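Keep the view open beside you as you read.

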Amino acid sequence: MSALVRPPVRIGPVTGLRRVLTDKRIRRLLVVTDAGVSEAGWADLVAALILASNRKPVVWRGVHGCPGETVVERCAQAYRSGRHDALVAVGGGSVIDAAKAAAGLLGEPGSPRLAQFEGLGQFTGAAPPVFAVPTTPGGAEVTAHAVIAGPHGRRYAVSGLGLRPSAVLLDPALAATAPREVVLDTALDSLLHAIEAFFARAGTPVTSGLALRAVGRITRSLQSVVDGQPGVSRELGFGCLLASVAMANTNAGVVHALGYPLTSEYGLSHGRANAVVAPAALSMLGGNDSERHGALLAAWHGRPAEVGAAFAALLDELGVPTGLDTYCVPDGDLPRLAGLAATYRPVLENTPVAVTKPALLELYRRSWPAKVAAAT
């Protein structure tokens, strides 16, 4: 993993944070971040901008990995003990999800536990405002839900209208300071957000249009961005934002159902887990609707012949290892993983084809040896 790069003295849209803090009642802000983003200097810089607007920031650096229930509850406690008025999430999806979930808890009466609110729209209280400053391409900054790791690593979602950030400050310079692997995995995840949103049962002409524009921008700029070339990070950032909006209004699909257990059981990053199983799963989706498949390929930079093969070729170009065997996933564990993937019913039911447990197992098997995944 490449070294973190110190931020420049002046940054662009993030300076707009002072302008969005127009509510005079917001005086004390909890800046939520993790150790890596803090080391890069972004959290302190955001805190300085808040201080310059005559408000009082406190930086809380307690997020690590996929946020667990304890992390979220500690974040909420830090907010209460400091008598804060709002949260500012500075970081990737994990940081933003932690801040949003903490806001949901803070809006509920009594001493609630996070697990009580699993599911759609369970947070109904008046949550404090969350301002998001994403440091990687992602999607958490535009959604009203957060993904949390429960006991034994099981991931689940909490949601409610109050979790959607009040404002998002997007600055391509932030992604430029992230390690290459982080940018790569989150950008690949954003590309999959766009593709799954395009094929989703819940899709609409509006979300399909956003998804196609996202696919074009991301595939056109991804290689250059991860290679560190200047001047293209804005293109990738805007493409990932479009993908996030499309996904937030449609939900994900089978790729995410396959990816979640790989993260909880083997520690693969969310984006990498999805990317490794994507070639096999996308080949199944692409063969379901030739007209939509053709429209997606027309938007893809380079116009490849088949979406699953195109994604596999993209991974090869970017130097991303394929095959679950590469990531030390034993083939004997695949039936158990299929059983875990089958529990993610909302995303499976959003997939345009019926996906049974045997079908999930077959997709894992196709994704296991690298040579099979690349050929699918």
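This is a predicted model: local features need pLDDT of at least 70, side-chain atom pairs count only at pLDDT 80 or more; totals for chains, interfaces and linings use all residues.

Residues are numbered from 1 along each chain as its sequence is written, and side-chain values use heavy atoms, with hydrogens and water left out.

Begin with the chain as a whole. It has 17 helices and seven strands, taken as DSSP runs numbered from the N terminus (helices are H or I with at least four residues, strands are E with at least two). The radius of gyration is 20 Å, close to the 21 Å from the globule rule for 376 residues, so the chain is as compact as a globular protein of that length. Here the radius is taken over C-alpha atoms, and the rule is 2.2 Å times the number of residues to the power 0.38. Along its principal axes, the C-alpha trace spans about 60 × 45 × 40 Å.

How much of the chain is buried? Buried residues make up 55% of the 376 residues, where buried means under 20% relative accessible area, exposed over 50%, and partly exposed in between (1.4 Å probe, protein chains only).

Now for the charged side chains. Side chains of opposite charge can pair when their charged atoms come close. A search of the whole structure finds twelve salt bridges, each a side-chain nitrogen of Lys or Arg within 4 Å of a carboxyl oxygen of Asp or Glu.

Which residues are linked in a network of salt bridges? Arg180, Glu181, Asp185 and Arg272 are linked in this way. Look at Glu181: it forms a salt bridge with Arg180, with the closest N and O atoms 3.5 Å apart. At 28% relative accessibility Glu181 counts as partly exposed, and so does Arg180 at 26%.

Glu181 also meets Arg272 in a salt bridge, at 2.7 Å from N to O. This pair links distant parts of the chain, with Arg272 in helix H11 (residues 270-286) and Glu181 in helix H7 (residues 180-199), 91 residues apart.

Arg272 has another partner in Asp185, at 2.9 Å from N to O. Because Asp185 lies in helix H7 and Arg272 in helix H11, the pair ties together parts that are 87 residues apart in sequence. Asp185 is buried, with a relative accessible area of 9%, and Arg272 counts as buried at 9% relative accessibility.
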